[in-house]
Amino acid sequence: MAIDYQERIPNNVSLHDNRRLLRALEEWQPRFLQWWSDMGPEGFQARNVYLRTATSVDAQGWAHFDYVRMPEYRWGIFLAEPEANRTIGFGAHRGQPAWQDVPGEYRGTLRRLIVTQGDTEPASVEQQRQLGRTCPSLYDLRNLFQVNVEEGRHLWAMVYLLHAHFGRDGREEAEALLQRRSGDRDKPRILGAFNERTPDWLSFFMFTYFTDRDGKYQLASLAESGFDPLSRTCRFMLTEEAHHMFVGETGIGRVVQRTCELMREHQTEDVRRFGALDLATIQRYLNFHYSVSLDLFGGEVSTNAANFYTAGLKGRFDEGKKTDDHRLAEATYPVTQVDGERIVTRDEPALPALNERLRDDYIADCQRGVDRWNQVIRKHGIDASLRLPHRGFHRAIGSFAETRVSPDGAIVTQAEWDDRRVEWLPSDTDQAFVESLMVPIVERGKFASWIAPPARGINGNPVDFEYVRS
Ligand SMILES: [Fe+2]
Ligand SMILES: [Fe+2]
């Protein structure tokens, strides 16, 4: 399924056969571009950036790399190949043919799921729009912009579904997606983590590691959806999302590496005076971004989650690989929660515990990257490690929301929390220090003092390639 780039809106969904839909999207396009110029990367819109663009949706060679000015990026609509005779894999409709049109009874629910996912895409572009000014290298600058244009494309993906399948309501929602603003008090983005600031590159790498990974798990469970257009859209988005998490994982890995090099060279933990980030600060940023990302999965016990599943709208991660009955009416699942003064793990009915199951899959995935960062630390002969805090730490949603939990999982008093907060979460001093390191490095092949160069460049190019032209 090649993508037609002759069209004003590149697509592989035969848009030209549906004049009404084409016209609606062609009306939305200039408003999207206006939003991009208002809220996209500030100060770099006219620059030539070495970006990849999708050319086809199969796993092999979908990417084409070339210099592009971001406002001219070919955002479009790309769905993964249809699967012949696909059936619904779970819930009450298991075994029935997958829906090609929205089932009337689930219209409102499905629209809400799509809008909630769609809202995160422009939000992250807004959060990251100032970062170009303080890039640690041209290589990193290019990666930031790649992530940004792809989040823009993810917005297109969700807007296509809204326009194609939800009539007038869908068009209104597509409009509203361009109206909300990350962090705006009057018209905030829908989810908490997407209203936080991403003021510096340490936060950016943490965000792409932890928060984009939430995206991966949400998209993977929507890719199981009985609503086939949503499933196909999400399957293609996942291939793009993988790069965002790569940027996060390798970004933090390179920060850790630089820190360890300096620790070994100077035999000290205090590498701040050498213009680098100490492990304790990295740990505090990790604690923050991990905990706000855990909240994105919602409450531990949730009727919504049960309903989405039973309706066949949102499955589990790797639903197809599970060997149970894919209905879960009788099943249970262990849920860790607050019970009075204690934290307990209890079996709960599996259906309302689906958020927690997805969160568990996510946590296991997060741990793998932490293990790789710790290997970097060990390789330098340093006796220290980074770790994921307890799932109850610094939570604002669900069972832990009203309880203060330390990173190692002890319930603490408010007074103890207030005392130790600066040990556990980034303080104003930390933030001021991190910001002081954020000086732009735009010379080819040069890197900021606080981050090691990557092992290799992009698309076979050397590390000192001119990834963004001046
Ligand atoms: Fe995305
Ligand atoms: Fe992403």
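**Metal site, core and cavity**

Visitor: Which residues coordinate the iron ion (ligand 2)?
Guide: Glu151 (OE), Asp212 (OD), Glu241 (OE) and His244 (ND1) coordinate the iron ion (ligand 2), at 1.8 to 2.2 Å. Donors are N, O and S atoms within 2.8 Å of the metal (3.2 Å for Na, K and Ca); water is not among the atoms, so sites may look incomplete. This is a predicted model, in which local features need pLDDT of at least 70 and side-chain atom pairs count only at pLDDT 80 or more, while totals for chains, interfaces and linings use all residues. Residues are numbered from 1 along each chain as its sequence is written, chains are lettered from A and ligands numbered from 1 in the order in which they are written, and side-chain values use heavy atoms, with hydrogens and water left out.

Visitor: Why is the arrangement irregular?
Guide: The four donor atoms subtend angles of 90 to 173°, which makes the arrangement around the iron ion (ligand 2) irregular. Four donors count as tetrahedral if all angles lie between 85 and 135 degrees; four count as square planar and six as octahedral if opposite donors are over 155 degrees apart and all others between 65 and 115; anything else is irregular.

Visitor: How far apart are the iron ion (ligand 2) and the iron ion (ligand 1)?
Guide: They are 3.4 Å apart, and Glu151 coordinates both.

Visitor: Is Glu151 buried or exposed? And His244?
Guide: Glu151 is buried, at a relative accessible area of 2%, and His244 is buried at 0%. Buried means under 20% relative accessible area, exposed over 50%, partly exposed in between (1.4 Å probe, protein chains only).

Visitor: New topic. Which residues have the most contacts inside the largest nonpolar core?
Guide: Phe210 and Trp450, in a core of 105 residues. Such a core is a set of buried Ala, Val, Leu, Ile, Met, Phe, Trp, Tyr and Cys residues joined through side-chain atoms within 4.5 Å. Its largest share, 14 residues, comes from helix 3. Helices (H or I, at least four residues) and strands (E, at least two) are DSSP runs, numbered from the N terminus.

Visitor: What else is there, apart from that core?
Guide: Another core of 12 residues, including Val292 and Phe393.

Visitor: Which helix gives the most to the lining of the largest cavity?
Guide: Helix 7, with three residues. Among the lining residues are Gln127, Arg197 and His289.

Note on methods. 1 Å grid on protein atoms, 1.4 Å probe; cavity = no way out; pocket = protein on both sides within 12 Å on 5 of 7 lines; lining within 4 Å.
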